[in-house]
Amino acid sequence: VIGCIWPDNIVYLRNHYHVRPQQRVIWTPLWGEIAPPPPRPKEAIRVQHGLPLDRKILVFGGQITEGRGIEEMLTMAGMAKIARPELAVLLIGEGRLVELVERHIASGGDNVLYRRRVPRAEYLSLIAACDIGLACTVAGVDSSSFPSKTIDYLRAGLPIVAAVEKASDYREFLRRWNIGISIPAGDAVALFQAVTRVIDDHELNANIARSARACLEEVFDMKPAVNRIMDEIDRTDRNRNE
């Protein structure tokens with residue numbers, strides 16, 4: 001049995017690879033821990049990590065490397081510095097493009113904040129002190145990706161702004177569950193417009209906060225995911241015995 005994280009990926013797999021008749025391909029969404037981080041005052045967390053108290057913070061947690069939309073996020077931050085100085089972009093992680101981020105900051109991009117990778121529990125508290133979770137990929141990819149950071153953003157109660165493949169199932173996923181908005185990858189102007197829309201729409205933020213918990217429990221909770229996989233294994237065994 002081959003598991004794909006998107007129904008669209010099943011089509012992609014069959015179109016690009018040879019699947020033997022005896023192999024079954026199923027949809028198995030990602031799963032993980034869904035408990036929220038321990039409650040702590042947002043201000044205290046920001047003080048602990050040296051983050052501004054008077055700005056809305058857009059956070060990206062993950063590899064600071066190619067294929068993660070780092071350049072577009074930095075360009076978007078440059079627009080925000082002029083048009084929306086109350087916004088800041090926080091990048092958390094490590095990778096080959098850290099030097100690019102540091103050069104951007106050193107050249108005057110003081111609304112970009114960078115923190116190296118932090119322990120898991122600390123990371124969840126840190127992003128919970130932010131205002132929007134960013135999930136970015138690059139243009140020109142023909143398969144649908146699913147940013148695993150989605151689970152952490154939802155655990156922290158953050159609305160998600162995603163810049164992903166134009167035809168990605170992830171865009172419909174955000175819309176269907178009402179947990180964020182998306183744009184096609186590679187467009188820094190559209191990314192800036194998307195984050196400002198979410199920041200300015202208080203009703204949208206409140207709706208997303210309510211939807212996040214339902215999405216975690218129905219899609220990402222470990223028990224339903226394990227039961228789904230075990231049911232598929234049992235069905236495969238029965239078919240083989242028959």
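Modeller: Happy to! In this predicted model, the residues I70, E71 and L74 of helix α3 meet L100, V101 and H104 of helix α4. By class, that contact is made up of 4 nonpolar residues, 1 polar and 1 charged. Helix α3 covers residues 70-83 and helix α4 covers residues 98-106, and the two pack at an angle of about 10° with their axes 11 Å apart. An angle under 35 degrees counts as roughly parallel, so α3 is roughly parallel to α4.

Helix α8 (residues 188-200) and α9 have axes that come within 5 Å and cross at roughly 85°. Since 65 to 115 degrees is the range for roughly perpendicular, α8 and α9 are therefore roughly perpendicular to each other. Here V198, I199 and D200 from α8 meet H202, L204 and N205 from α9. The contact of α8 with α9 contains 3 nonpolar, 2 polar and 1 charged residues.

Helix α9 also leads us to a pocket. The second largest pocket has a volume of about 190 Å³. It is lined by 14 residues, and those closest to its centre are W27, P29, L30, E218 and V219. Two or more lining residues come from each of α7 (169-177), α9 (202-220) and α10. Sorted by class, this lining has 11 nonpolar residues, no polar ones and 3 charged.

Where pLDDT is low, the predicted coordinates should not be read in detail. Over the protein chain the average is 89, and 95% of the residues score at least 70.

That leaves the largest pocket, with a volume of about 540 Å³. Of its 27 lining residues, G61, G62, Q63, S148 and K149 are the closest to the centre. The elements giving two or more residues to this lining are α5 (120-128), β6 (132-136) and α6 (149-155). Helix α6 gives the most, with 4 residues. By class, the lining of the largest pocket divides into 10 nonpolar, 8 polar and 9 charged residues, while the lining of the second largest pocket has no polar residues.

Key: Residues are numbered from 1 along each chain as its sequence is written. This is a predicted model: local features need pLDDT of at least 70, side-chain atom pairs count only at pLDDT 80 or more; totals for chains, interfaces and linings use all residues. Side-chain values use heavy atoms; hydrogens and water are left out. pLDDT is the predictor's confidence in each residue, from 0 to 100. Axes are lines fitted to C-alpha atoms, for helices over the stretch in contact, and angles run from 0 to 180 degrees between N-to-C directions. Angles under 35 degrees count as roughly parallel, over 145 as roughly antiparallel, 65 to 115 as roughly perpendicular and the rest as oblique. Contact means heavy atoms within 4.5 Å. Ala, Val, Leu, Ile, Met, Phe, Trp, Tyr, Cys and Pro count as nonpolar, Asp, Glu, Lys and Arg as charged, and the others, Gly among them, as polar. On a 1 Å grid over the protein atoms alone, a cavity is a set of points where a 1.4 Å probe fits but cannot get out, and a pocket is an open set with protein on both sides within 12 Å along at least five of seven lines; lining residues have an atom within 4 Å of a point. Grid points are joined across faces, edges and corners, and a volume is the space filled by probe spheres set on the points.
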